[in-house]
Amino acid sequence: MKIVPKKSLGQNFLADINIINKIIDIGDINEKDDILEVGPGTGNLTREIIKKKPKKIFLIEKDKLLYRNLKKEF
């Protein structure tokens, strides 16, 4: 199923792995960190954050369809 960004929610999905890697590097995430990701969308950044094994990760997603997809995957 193709997910189309909703303009009403200002959605813009992060898909560029180079940008995702830069964010991860700057974040310097480790096992002591609690992470809050607002608007995880399709979960592309979330997947990379989880690989860093933070102590906890919290996701806030307003879009119900994306929420269900994230809940199913993570």
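Helices (H or I, at least four residues) and strands (E, at least two) are taken as DSSP runs and numbered from the N terminus. The model shown is predicted, with local features requiring pLDDT of at least 70 and side-chain atom pairs counted only at pLDDT 80 or more, whereas totals for chains, interfaces and linings use all residues. Residues are numbered from 1 along each chain as its sequence is written, and side-chain values use heavy atoms, with hydrogens and water left out.

**View A. Asp-28 in the loop between α1 and β1.** Asp-28, which lies between α1 (17-27) and β1, has a positive phi of about 45 degrees although it is not a glycine. Its relative accessibility is 58%, so Asp-28 counts as exposed (exposed means over 50% relative accessible area, buried under 20%, and partly exposed in between, with a 1.4 Å probe and protein chains only).

**View B. Lys-53 in the loop between α2 and β2.** Lys-53, located in the loop that leads from α2 to β2 (56-60), is a residue other than glycine with a positive phi, near 55 degrees. The relative accessible area of Lys-53 is 61%, and the residue is therefore exposed.

**View C. Strand β1 and its pairing with β2.** In a regular strand the side chains alternate between the two faces of the sheet. The chain crosses from β1 through α2 to β2 in a right-handed β-α-β crossover, meaning that, with the strands pointing away from the viewer, the path from the first strand over the helix to the second runs clockwise.

**View D. Thr-46 in helix α2.** With a relative accessible area of 1%, Thr-46 is buried. Leaving aside residues up to four places away in sequence, Thr-46 touches Glu-37, Pro-40, Ile-57, Leu-59 and Phe-74, where contact means heavy atoms within 4.5 Å.

Definitions and conventions
Pairing = 2+ DSSP bridges.
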